[in-house]
Amino acid sequence: MPSEEAESADAALLERLRTGDSDAFAEIVRAWSPMMLQAARAYVSTDASAQEVVQEAWLAMIRGLDRFEGRSSLRTWILAILGNIGRSRGVREARTVPWSSLGPADDAAPAVDPDRFRGPDDQWPRHWTPLGKPRAWPRSPEEETLAAEDRRELEDGLAELPEQQRMVVALRDVHGLTSDEVCSFLDLSAGNQRVLLHRGRSRLRGLLEMHYAAEAEVMGT
Amino acid sequence: MKDEQRTPGLTIDCQEIVELVTDYLEGVLDTDMAAEVEAHLQLCDGCDIYIEQMRATIRSLGTVPVETLSETAQSELSRAFRDLRGPAAAP
């Protein structure tokens with residue numbers, strides 16, 4: 001549900017675009033193209049194709065500005081344009097990813113290794129064991145100063161996620177799309193979108209945890 | 001034991017929490033369940049740390065470098081915009 005503030009900001013932006021304000025256009029091209037390049041990869045398989053699809057989408061937006069009725073946000077509208085162009089392009093490239101499904105069953109690992117929880121005979125079944133309990137990380141991985149290696153770990157982990165999980169995590173957490181935007185762009189149900197997000201995020205948390213644990217071992221703590 | 005089981009926060013176990021965390025962070029749990037998760041987090045250090053790690057993971061995903069359109073493509077688009085919508089193109 002877009003806030004009133006977001007709606008009036010959107011209306012102001014639309015007005016600037018309609019009156020030919022090229023700074024406003026350059027601004028949204030800069031702001032939204034990274035997210036669109038990621039989204040385009042849902043339909044095409046190479047960087048070059050994705051660049052072309054995104055350019056085409058912007059051109060279609062420029063031409064369609066007068067027809068846009070403002071029933072959705074501008075960002076949702078450009079995503080819809082991108083989806084149409086991407087789909088027809090993807091058909092030609094014979095790339096078919098079943099975005100509405102959850103992927104292979106073996107992508108459905110539990111969020112945390114079951115061995116880290118107490119067994120059924122314990123006084124506290126299914127609660128953390130003393131050894132399995134998460135330990136606070138030595139730093140937050142987004143801290144600028146120390147983050148280079150942590151971030152690489154995260155980028156590698158993201159690249160290795162199953163395709164559907166990677167797409168949903170990238171659009172939501174890297175590019176900041178809303179769940180509604182992701183669901184409508186990928187034609188996913190809200191429930192499936194959350195399952196993919198959950199599996200992807202859980203796996204990445206686990207990778208960072210291993211990364212910090214390995215580091216603690218080296219430091220002898 | 002029976003009483004302990006009814007204590008708010010303990011009708012739910014840690015192994016469940018780690019699978020509910022996304023629904024919790026997305027705000028889609030019903031009010032009772034969300035309250036139960038919160039009560040559990042008050043009691044359980046491990047889950048509290050776990051959920052903070054999920055938040056940290058999400059925040060740090062927001063700092064991953066991203067690709068963008070080539071400079072050439074961006075200036076081509078700006079030119080197209082000026083040609084089609086700029087003052088000169090007005091009827």
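**View 1. Salt bridge between Asp13(B) and Arg126(A).** Asp13(B) pairs with Arg126(A) in a salt bridge, with 2.8 Å between the closest N and O atoms. A salt bridge here is a side-chain nitrogen of Lys or Arg within 4 Å of a carboxyl oxygen of Asp or Glu. Six salt bridges are counted between chain A and chain B. The model is predicted; local features need pLDDT of at least 70 and side-chain atom pairs count only at pLDDT 80 or more, whereas totals for chains, interfaces and linings use all residues. Residues are numbered from 1 along each chain as its sequence is written, chains are lettered from A and ligands numbered from 1 in the order in which they are written, and side-chain values use heavy atoms, with hydrogens and water left out.

**View 2. The interface of chain A and chain B.** The contact (heavy atoms within 4.5 Å) takes 61 residues from chain A and 51 residues from chain B. Between them the two chains bury about 4,800 Å², of which 63% is on carbon and sulfur atoms. Buried area is the accessible area (1.4 Å probe) that two parts lose on being put together, summed over both. In chain A, the residues that lose the most area to chain B are Arg126(A), Arg194(A) and Arg201(A), together 12% of what that side buries.

**View 3. Polar contacts and elements on the side of chain A.** Chain A and chain B have 18 residue pairs in polar contact, both residues at pLDDT 80 or more. A polar contact is a pair of N or O atoms within 3.5 Å; within protein, one must be able to donate a hydrogen and the other to accept it, and residues adjacent in sequence count only if both atoms are side-chain atoms. Elements of chain A that give two or more residues to the side touching chain B include helix H1 (4-18), helix H2 (22-40) and helix H8 (190-219). H8(A) gives the most, with 10 residues. Helices (H or I, at least four residues) and strands (E, at least two) are DSSP runs, numbered from the N terminus.

**View 4. Crossing of H2(A) and H5(B).** The axes of H2(A) and helix H5 (residues 71-85) of chain B cross at roughly 145 degrees and come within 10 Å. Ser22(A), Phe25(A), Ala26(A), Val29(A) and Arg30(A) of H2(A) meet Gln74(B), Leu77(B), Ser78(B), Phe81(B) and Arg82(B) of H5(B). Axes are lines fitted to C-alpha atoms, for helices over the stretch in contact, and angles run from 0 to 180 degrees between N-to-C directions.

**View 5. Salt bridge within chain A.** Arg116(A) forms a salt bridge with Glu209(A), the closest N and O atoms being 2.8 Å apart. Arg116(A) lies in the loop between helix H4 (74-92) and H5 of chain A and Glu209(A) in helix H8 of chain A, so the pair ties together parts 93 residues apart in sequence.
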